[in-house]
Amino acid sequence: MKYFEKGDILLSDFDGVVLDSQKRLDEEMQGETSFDKWMDFLNGIHWGEFLQECEFIPGAVETLLELQKMGILQGFLPKIHSMEEGKEKTIILRDLGFQVPIHFVLQEQEKNEVYIPNRKVVLLDDKERNYMNWLKNGGKSILYDPEEKSCGKKYVKSMYDLLK
């Protein structure tokens, strides 16, 4: 496989990789930069309803389920703003058939603080900041970038590319 070496394991983000929830959040807040307004918004969301209204990233579920079956996908590493959000994300992933661990990253944490990267742990994320931080701390990263804006970074334009 092109993106994984023998013995590599994959940890996947959720927002922007499984569901288009990050795009919907950004659309709702329309460029708002105030931290306090974002926190008020995120704390006021009914997460079950919000996530049910999101669409799946094309090919994400099928690809990640296949990678789970192959033993490559070993977990999810989603950022959460509340326990309710974590609960609802867990329900979605379990209902889809994912049986791997879910390692929640709290708002004030970095992903590498929750799961320690190493040269055999690959992070799949849609955020360049997470991609770079994971690399800087000793892991491997793949950026999900359907618009191909990531110059010089290891990325996939389609989730199906992970199976090549």
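This is a predicted model: local features need pLDDT of at least 70, side-chain atom pairs count only at pLDDT 80 or more; totals for chains, interfaces and linings use all residues.
Residues are numbered from 1 along each chain as its sequence is written, and side-chain values rest on heavy atoms, with hydrogens and water left out.

Helices and strands were taken as DSSP runs, numbered from the N terminus (helices: H or I, at least four residues; strands: E, at least two). Two strands were counted as paired if DSSP finds at least two bridges between them. Strands of a sheet pair through backbone hydrogen bonds, either parallel or antiparallel. In this model, five strands make up an open sheet with parallel pairing, and their order is E2-E1-E5-E6-E7. The edges are taken by strand E2 (73-76) and strand E7 (155-156); each has a single partner strand, so one side of each is left without a neighbour in the sheet.

The pairings can be followed from strand to strand. E1 and E2 are joined in the parallel sense over three bridges, and Ser12 stands opposite Phe76 in E2. E1 also pairs with E5, again in the parallel sense, over four bridges. Here Leu11 has Leu123 in E5 as its bridge partner. Strand E5 (residues 121-125) in turn runs parallel to strand E6 (residues 140-144), with four bridges between them. On this side, Leu123 stands opposite Ser141 in E6.

In a regular strand the side chains alternate between the two faces of the sheet. In E1, Ile9 and Leu11 point one way, and Leu10 and Ser12 point the other way. All of these residues are buried (buried means under 20% relative accessible area, exposed over 50%, and partly exposed in between, with a 1.4 Å probe and protein chains only). Helix H4 (residues 60-69) lies across strand E1 (9-12), E2 and E5, and runs at about 125 degrees to E2. For this angle, axes are lines fitted to C-alpha atoms, for helices over the stretch in contact, and angles run from 0 to 180 degrees between N-to-C directions.

Asp125 belongs to strand E5. With a relative accessibility of 0%, Asp125 counts as buried. Leaving aside residues up to four places away in sequence, Asp125 touches Asp13, Val17, Lys111, Asn130, Ile142, Leu143 and Tyr144, where contact means heavy atoms within 4.5 Å.

Most residues other than glycine have a negative phi, and most peptide bonds are trans. Gln30 has a phi near 40 degrees, a positive value in a residue other than glycine. Gln30 is placed in the loop between helix H1 (21-29) and helix H2 (35-44), and is exposed at a relative accessible area of 70%.

Side chains of opposite charge can pair when their charged atoms come close. A salt bridge was defined as a side-chain nitrogen of Lys or Arg within 4 Å of a carboxyl oxygen of Asp or Glu. The structure holds 15 salt bridges. One of them joins Glu53 and Arg24, with the closest N and O atoms 3.5 Å apart. Glu53 lies in the loop between helix H3 (47-52) and H4, and Arg24 lies in helix H1, so the pair ties together parts that are 29 residues apart in sequence. Glu53 is exposed at 52% relative accessibility, whereas Arg24 is buried at 16%.

Two further salt bridges lie within helices. Glu66 and Lys69 meet at 3.5 Å, N to O; both lie in helix H4, three residues apart, about one turn of the helix. Glu66 is partly exposed, with a relative accessible area of 30%, and Lys69 is exposed, with 67%. In the salt bridge between Glu85 and Lys89, the closest N and O atoms are 2.8 Å apart. Both residues lie in helix H5 (residues 83-96), four residues apart, about one turn of the helix. Glu85 is buried at 1% relative accessibility, and Lys89 is buried at 1%.
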